[in-house]
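The tour goes from one selection to the next.

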Amino acid sequence: MEFERYADDAVVHCATQRQARQVLATLAERMEQVGLRLHPDKTKIVYCRDSRRRSSFEHISFTFLGYTFGPRKATYPDGKAFTSFLPAVSAGALKAMGQRLRSWRIHRRNRDDLAELAAWINPIVVGWMQYYGRFYRSQLFPFLRHVNTYLARWARKKYKRLRSLKRFKLWWTRVLDRAPGLFKHWAWESQFLWKG
């Protein structure tokens with residue numbers, strides 16, 4: 001049996017359902033002895049379903065430290081697909097990042113140029129990429145596209161000539177060609193293919 005703990009959250013990995021139920025009962029009893037109790041909504045037994053473990057169970061995913069662990073598509077080195085039990089950025093973490101991104105009101109920062117925006121945005125977005133992009137990074141791509149959407153809104157508001165979609169796309173392509181590393185999330189650009 002293995003376990004991982006962070007502050008008051010913990011994950012215990014058991015080999016069988018019987019062992020999981022025994023551990024849960026023992027933990028609940030011990031908590032009660034010290035005047036505490038397990039959170040009734042957060043405490044559950046989860047079945048790690050994948051290509052080898054195909055049984056049905058009430059819970060097949062859980063969230064821990066901003067990641068949702070669950071069955072996900074994976075590929076062998078030869079390209080053959082299978083299902084593995086893997087972590088990826090959670091819906092809650094994506095929502096929190098999206099709220100923070102909206103709160104910046106990038107499109108209203110008309111006095112900034114692209115370099116100033118990059119200096120301000122990059123440290124935060126890089127932190128998210130390094131933490132949430134460590135596993136199953138493709139789940140983060142839609143959010144990174146969303147960062148680009150806000151940058152596009154900024155550009156079209158700052159430069160009136162870019163209100164034409166054709167002119168905007170030409171400008172955006174030139175920026176990407178001239179300074180491909182200006183915004184750090186553009187390093188993943190070729191992986192999520194957003195050109196404006």
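Which residues does Leu151 touch, not counting residues up to four places away in sequence? Keep that question for the second stop.

**Ground rules**

This is a predicted model, in which local features need pLDDT of at least 70, side-chain atom pairs count only at pLDDT 80 or more, and totals for chains, interfaces and linings use all residues. Residues are numbered from 1 along each chain as its sequence is written, and side-chain values use heavy atoms, with hydrogens and water left out.

**Stop 1: the whole chain**

Select everything and show a cartoon. The chain has six helices and five strands. Helices (H or I, at least four residues) and strands (E, at least two) are DSSP runs, numbered from the N terminus. Their order along the sequence is β-β-α-β-β-β-α-α-α-α-α.

Now turn the model along its principal axes. The C-alpha atoms fill a box of roughly 65 × 45 × 25 Å. The radius of gyration is 22 Å, while a compact globule of 196 residues would have one near 16 Å. That radius is taken over C-alpha atoms, and the globule rule is 2.2 Å times the number of residues to the power 0.38.

Switch to a surface. The chain exposes about 13200 Å², and carbon and sulfur atoms supply 51% of it. Accessible areas come from the Shrake-Rupley method with a 1.4 Å probe; for residues, only the protein chains shown count as cover. Of the 196 residues, 32% are buried. Buried means under 20% relative accessible area, exposed over 50%, and partly exposed in between (1.4 Å probe, protein chains only).

Colour by charge next. There are 38 positive and 15 negative side chains, and the centres of the two sets lie 13 Å apart. Lys and Arg count as positive, Asp and Glu as negative; His and the chain ends are not counted. Each charge is placed at NZ of Lys, CZ of Arg, CG of Asp or CD of Glu.

**Stop 2: Leu151**

Select Leu151, in helix H4 (residues 141-158). The residue is buried, with a relative accessible area of 1%. Back to the opening question: Leu151 touches Ile106, Leu117, Ile121, Trp172, Phe183, His185 and Trp186, not counting residues up to four places away in sequence. Contact means heavy atoms within 4.5 Å. Then pick Arg161. Ten residues separate Arg161 from Leu151 in sequence, and the C-alpha distance is 16 Å.

**Stop 3: the loop between H3 and H4**

Move to Leu140, in the loop between H3 and H4. Is Leu140 buried or exposed? Leu140 is buried, at 1% relative accessibility. Beyond its neighbours within four places in sequence, Leu140 contacts Val89, Leu94, Met97, Trp128, Met129, Tyr132, Gly133 and Trp188.

At 27% relative accessibility, Tyr136 is partly exposed.

**Stop 4: Asp113**

Select Asp113, in the loop between helix H2 (91-103) and helix H3 (114-132). Asp113 is partly exposed, with a relative accessible area of 36%.

**Stop 5**

Select residues 67-75 and 81-89, which are E4 and E5. The strands pair in the antiparallel sense over nine bridges. Two strands pair if DSSP finds at least two bridges between them. Pro71 has Phe85 in E5 as its bridge partner. Five residues lie between the strands, and Gly79 takes a positive phi near 95 degrees.

Step back to Leu65, in the loop between strand E3 (62-64) and E4. Leu65 is not a glycine, yet has a positive phi of about 55 degrees.

**Stop 6**

Finish with E1 (residues 2-6) and E2 (residues 9-13), antiparallel strands joined by five bridges. Arg5 stands opposite Ala10 in E2. Two residues lie between the strands, and Ala7 takes a positive phi near 55 degrees. Met1, in the segment before E1, is exposed at 64% relative accessibility.
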